[in-house]
Amino acid sequence: MSMQDTASSGVALWRLVADGIERGIADGRFAAGDKLPGEMEIAETYRVNRHTVRRALAALAERGLVRAERGSGTYVEAQKLAYPLRSRTRFSEIVGAGGREPHGRLIDATDDVATRELARELGLKTGAPLMRIEAIRLADRTPICVSTTWLSAERFPDAGAVFAATHSMTKLLAHYGVRDYRRGATRITAGIVDATDASRLDLALGRPILVVDATDHDLAGKPLLTKHSRFAAERVEFLVES
């Protein structure tokens with residue numbers, strides 16, 4: 001698809017340029033510390049003007065993927081986040097171990113009811129009251145994943161307000177006396193980002209995502225929560241640990 005075709009479909013050209021550079025970082029064409037091609041070369045590659053290139057680079061810099069050095073050029077700063085999947089999986093610890101700052105931001109918290117599938121995962125009856133929490137998780141300023149989490153509304157009353165105050169699912173559980181917990185089975189599938197998550201993750205439509213479905217249990221084996229997370233595939237590298 002040409003840049004003109006894409007522009008006519010309503011996708012901003014600067015986002016396409018930014019997405020192309022980010023793919024180059026993800027696949028190793030631009031390694032951490034590398035200097036990116038100059039604005040003119042990028043403009044020629046994507047057949048856009050330099051103003052469009054500057055906006056794309058500014059967006060990448062805002063997310064912490066590149067940095068501009070006055071009089072020198074623009075350099076790659078980001079690497080894929082190594083994300084271990086294990087029995088004790090904590091987003092904040094994983095991001096912190098990589099030398100980056102974890103952040104959580106509440107999108108929405110709403111009442112819900114347990115479908116047959118959710119009831120099975122959470123050990124509840126179908127129709128049981130739930131709290132549904134939509135949140136975005138970031139490493140520094142870069143969106144990593146959007147997650148939908150369901151918890152029992154009876155066991156965790158006002159969970160949405162607690163998450164809004166703590167910005168952490170681990171701290172939310174600790175608020176209710178759960179000091180430790182373990183991950184049950186994890187299912188990973190590939191997908192394509194939809195319009196809603198594309199906006200939240202700052203991705204162009206059609207970019208790949210990794211979908212992770214998992215349920216966490218307390219140390220007695222009782223389900224605590226189940227979640228459906230969508231990760232920007234170009235920003236993470238899953239490591240399965242036994």
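Student: How many salt bridges does the rule give?

Tutor: A salt bridge is a side-chain nitrogen of Lys or Arg within 4 Å of a carboxyl oxygen of Asp or Glu. By this rule the count is 23. Please note that this is a predicted model, in which local features need pLDDT of at least 70 and side-chain atom pairs count only at pLDDT 80 or more, while totals for chains, interfaces and linings use all residues. Residues are numbered from 1 along each chain as its sequence is written, and side-chain values use heavy atoms, with hydrogens and water left out.

Student: What makes the contact of Glu39 and Arg54 a salt bridge?

Tutor: The N to O distance between their side chains is 3.1 Å, and the rule asks for a distance within 4 Å. The pair therefore qualifies as a salt bridge. It links distant parts of the chain, 15 residues apart: Glu39 belongs to helix α3 (residues 39–46) and Arg54 to helix α4 (residues 50–62). Helices here are DSSP runs of H or I with at least four residues, strands are runs of E with at least two, and both are numbered from the N terminus.

Student: Why is Glu39 called partly exposed?

Tutor: Buried means under 20% relative accessible area, exposed means over 50%, and partly exposed lies in between, with a 1.4 Å probe and protein chains only. Glu39 has a relative accessible area of 25%, so it is partly exposed. Arg54, at 42%, counts as partly exposed too.

Student: What is the distance between the closest N and O atoms of Asp180 and Arg182?

Tutor: Those atoms are 3.0 Å apart, and the two residues form a salt bridge. Asp180 has a relative accessible area of 23% and is partly exposed; Arg182, at 33%, is also partly exposed.

Student: Are Arg207 and Glu234 buried or exposed?

Tutor: Both Arg207 and Glu234 are buried. Their side chains meet in a salt bridge with an N to O distance of 2.2 Å. Arg207 lies in the loop between α9 (195–201) and β8 (208–218), and Glu234 in the loop between β9 (223–232) and β10 (236–240), so the pair ties together parts that are 27 residues apart in sequence.

Student: Which residues are linked in a network of salt bridges?

Tutor: Arg15, Glu22, Arg63, Asp202 and Arg235 are linked in this way.

Student: How do you know that strands β4 and β5 pair?

Tutor: Two strands pair if DSSP finds at least two bridges between them. Strand β4 (residues 102–113) and β5 have eleven bridges, in the antiparallel sense. Arg105 stands opposite Ile136 in β5. On β6 (residues 142–152), which pairs with β5 over ten antiparallel bridges, Val146 stands opposite Ile136.

Student: Why is strand β5 described as largely enclosed?

Tutor: Nine of the eleven residues of β5 (residues 129–139) are buried, so the strand is largely enclosed by the rest of the structure.

Student: Which strands stand at the edges of the open sheet?

Tutor: Six strands form the sheet in the order β4-β5-β6-β9-β8-β7, with antiparallel pairing. The edges are β4 and β7 (181–192); each has a single partner strand, so one side of each is left without a neighbour in the sheet.

Student: What makes the 19 residues a nonpolar core?

Tutor: A nonpolar core is a set of buried Ala, Val, Leu, Ile, Met, Phe, Trp, Tyr and Cys residues joined through side-chain atoms within 4.5 Å. The largest such core has 19 residues, and Val17, Ile21 and Leu36 have the most contacts inside it. Helices α2 (13–26), α3 and α4 each supply at least two residues of this core. A second, separate core of 15 residues includes Ile133, Ala159, Leu173 and Tyr181.

Student: How do you know that α2 is close to its expected span?

Tutor: The expected span of a helix is 1.5 Å times one less than its number of residues. With 14 residues, α2 reaches 20 Å from its first C-alpha to its last, close to the expected 20 Å. Helix α2 is also mostly covered, as ten of its 14 residues are buried.

Student: How many helices and strands are there in the protein?

Tutor: The protein has nine helices and ten strands. Of its 242 residues, 45% count as buried.
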